[in-house]
Amino acid sequence: MARPRNQAQRRSELVAVTSRLLIERGAAAARLTDIADAAKLTPASVSYYYPELPALYAETYETAALEYIARRRERVALAEDAPARLAECLRLGIPIAGEPSFDATVLLIELGAQCVRDQGFEAPATEFERAQLELFEEIVRDGLDAGDFRTELPPARVARLLLAAEDGLAGPVITGRLTSGEALETILSLGAALLGAALPVPAGVAR
C-alpha cells in the first residue's frame with residue numbers, strides 16, 4: 001500500500017476510527033485488527049503509524065481530552081455571571097444522552113484505565129486534570145471576587161471536590177444507574193453547599 005503524503009491526516013483518521021470503536025463497542029473491540037478493518041487498512045499499515053497500540057490509545061485520549069476542555073470553556077464563557085458559569089460547567093460535566101458530553105465521557109472512561117498501566121498516558125491525563133481544575137478554580141475565584149460566592153475553603157479545594165464529585169457521578173449515569181437529571185441536581189446541590197449560593201438549573205436536562 002502506498003504511504004499517503006499527509007501522515008498527520010492519516011493519524012487523525014486512525015484516532016477518529018479508534019474513538020468510534022471505543023465508544024460503540026468498548027476496548028475489547030478496539031484491537032489492532034478491529035481498527036485496521038474499520039479503517040480499511042491492513043494491521044501492518046496501522047502499525048506503520050503507531051508501532052505500539054497504546055500509543056494510538058494515548059493519542060486518542062489526548063485528542064478527546066483537548067476537545068472536551070475546549071468545548072467546555074467555549075460554552076461556559078457564554079454565561080453571564082459566576083453562578084451561571086459554574087452551573088453550565090457542571091452541566092457539561094454530566095454525560096447526557098444525545099449530547100457530545102456522553103460519547104466523550106464513555107471514551108475517556110474506556111481509556112482511563114490505561115492511565116495506570118501505560119506511561120504514555122501520564123502527560124495527557126495530568127494535563128486534562130489540570131485544565132479541568134483550573135477552569136473550576138477560575139470560576140470560583142471570579143464568584144468570590146464578585147461577592148456571588150462564600151466559602152471557608154480555598155478555591156483550589158472547592159475545585160478538587162467538584163471534579164471528584166463529577167467523576168464519581170459519570171459512571172452511574174453511563175451505566176444507567178442514575179439519570180442525568182438526578183446527577184445534575186446532586187452536583188448543583190454540592191456546588192451550592194460549598195459556595196453558599198443558589199446555582200441556576202440549566203435547561204435541557206430531563207429529570
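Which residue caps the N-terminal end of helix 5? Aspartate 81 does, with a side-chain oxygen lying 3.0 Å from the backbone nitrogen of alanine 84. A polar contact here is a pair of N or O atoms within 3.5 Å; within protein, one must be able to donate a hydrogen and the other to accept it, and residues adjacent in sequence count only if both atoms are side-chain atoms.

A word on the model: it is predicted, so local features need pLDDT of at least 70 and side-chain atom pairs pLDDT 80 or more, while totals for chains, interfaces and linings use all residues. Residues are numbered from 1 along each chain as its sequence is written, and side-chain values use heavy atoms, with hydrogens and water left out.

Helices (H or I, at least four residues) are DSSP runs, numbered from the N terminus. Buried means under 20% relative accessible area, exposed over 50%, and partly exposed in between (1.4 Å probe, protein chains only). The cover over the buried residues includes helix 4 (53-76), helix 6 (100-112), helix 7, helix 8 and helix 9.

**The nonpolar cores**

A nonpolar core is a set of buried Ala, Val, Leu, Ile, Met, Phe, Trp, Tyr and Cys residues joined through side-chain atoms within 4.5 Å. The largest one has 30 residues, and Leu86, Leu90 and Phe136 touch the most other members. Helix 5 (82-93), helix 7 (122-146), helix 8 (155-174) and helix 9 (180-195) each supply at least two of its residues; the largest share, 7 residues, comes from helix 8. Apart from this core lies another, of 29 residues, among them Val17, Ala65, Ile69 and Leu107.

**Aromatic pairs**

The structure holds 3 aromatic pairs. Rings of Phe, Tyr and Trp (its six-membered ring) pair if their centres lie within 6.5 Å; planes under 30 degrees apart count as stacked, over 60 as edge-to-face and the rest as tilted. Two of the pairs are listed here.

| Pair | Centre to centre | Angle between planes | Type |
|---|---|---|---|
| Tyrosine 48 and tyrosine 49 | 4.9 Å | 90 degrees | edge-to-face |
| Tyrosine 68 and phenylalanine 128 | 5.6 Å | 85 degrees | edge-to-face |

Tyrosine 68 lies in helix 4 and phenylalanine 128 in helix 7, so their pair ties together parts that are 60 residues apart in sequence.

Notes: Contact = heavy atoms within 4.5 Å.
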